[in-house]
Number of protein chains: 2
Amino acid sequence: MDRMLRGALAPGTWMRQDELAASMGVSKIPVREALQRLAALGLLRFEPNRGAVIPALTAAEADENFTLRRAVEPELLRRSIPKLTIVDLAEAELALASDRPATSDADPSGLEANWRFHRAIYVASGWERGLAVVEILHASVAPYVRLYTDSLGGGSDSDVEHQALLDACRSGDVDGAVDLLDAHLDHAATALRAFLDDDVVDGPAARGSEVGEDGWS
Amino acid sequence: MDRMLRGALAPGTWMRQDELAASMGVSKIPVREALQRLAALGLLRFEPNRGAVIPALTAAEADENFTLRRAVEPELLRRSIPKLTIVDLAEAELALASDRPATSDADPSGLEANWRFHRAIYVASGWERGLAVVEILHASVAPYVRLYTDSLGGGSDSDVEHQALLDACRSGDVDGAVDLLDAHLDHAATALRAFLDDDVVDGPAARGSEVGEDGWS
DNA sequence: GACAGCATAATCGTATACGATCGGTGGATG
DNA sequence: CATCCACCGATCGTATACGATTATGCTGTC
């Protein structure tokens, strides 16, 4: 249903309800409800008679996003590591593996690999709400992270950091893992900021994308 | 529209769509969309053919909630204080004042006084997303906070702490304000935990409330 | 008297239909 | 030739209607 929206995103493009409904073979009602759920999470905005649009991310919003993640995710990791099971670690390993082959647009698991990995190492915390919060934050920047990893030749640095983080989780080194996580998020934030500063708000979607200035809703 | 739901909450009671629609003079569609928005935020759950219910809060979830707030809110406050305007401070003062007369169930502003106050001192940060996250966290525990403040004779301690926090904000004492905020959240968490431990999950709604055990969805 | 099974009725989820509002284009005018 | 206005088409938001699923009360039996 709305899983298609979680992955295939196009910041700045207008999505028409009828169009989405037709392409998914259902009526507008479930489409609207899915869009409402996403809108409640801030992942898209409803415009009166223009449709739904995924808001363009400003550099300030990206900074905010990663600062929030750096505040929350260490808490999750700290509580998760002692409870990590072999299954969680395997899932994290799988997520790392599935990230290597450039799965162009269709993720086999339905979840984005990066989030799959982070989720796997947090899920043992048992913190449903915190996991949901982080997922929202992650989803907000995911399209842009994808863009700059694609454009900048693939985030091999990120892969290395993920691997080191996973190793620390395996060995139960909580403080070390938290440090690695913080550094990882810092690097990601820096890279995203550089990307957003470069081609200000142009690159996002190759064709058919008009990125309106954000009116600080 | 959905403002009615944000305030008048009844954890454990079943809400029927037709009933809500009839009481608000609209059809089910807008009601369902409002409920979907709230469900996306985790404020209620949809049950197949039973209706929507506000999930009962477990002690563990309350702990999680306040730990997350203690991780996020100081960040907001730290960035907000230097930018606080006279308007923000006045709004905070108003929120404190409107908390004193026991507004039984109908808040004049439509917002709960407690959240109004916290929001007022955070809003200058300009962090829309962080504010939204904190609002969700706040809304999750709000019904219970209301319950224990009502039952335990009114949160006069909370009022005092709010006032001290506001004073620190006025004088621009960032570190002091953050310390006060952390202590305030700690006290609230302790009080809520004590309340949840006492009458386990009984008190919530006087009549017509069956609180189902949480299946760790 | 207690329990299993069934019929009824209520609720949910979605498809269809319709009015309201707004963007876009063509023409008229300065 | 540029600008303004009016009309039209398109899209959104909501009301109504209907099938599917299931909670609930009754009845028959052990």
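Strands (E, at least two residues) and helices (H or I, at least four) are DSSP runs, numbered from the N terminus. I noted that this is a predicted model, in which local features need pLDDT of at least 70, side-chain atom pairs count only at pLDDT 80 or more, and totals for chains, interfaces and linings use all residues. Residues are numbered from 1 along each chain as its sequence is written, while chains are lettered from A and ligands numbered from 1 in the order in which they are written.

I then looked up Met15(A), whose bridge partner in β3(A) is Ala52(A). The open sheet has three strands in the order β1-β3-β2 (chain A), with antiparallel pairing. β1 (14-15) and β2 (45-47) of chain A each have a single partner strand, so one side of each edge strand is left without a neighbour in the sheet.

Next I turned to DNA strand D. A residue is near the strand if its C-beta atom, placed from the backbone, lies within 6 Å of it. Of the 17 residues around DNA strand D, Gln17(A), Gly51(A), Val26(B), Ser27(B) and Asn49(B) come nearest. Two or more residues each come from α2 (17-24) and α3 (28-40) of chain A and from α3 (28-40) of chain B. I noted that α3(B) gives the largest share of this surface, three residues.

Definitions and conventions:
Pairing = 2+ DSSP bridges.
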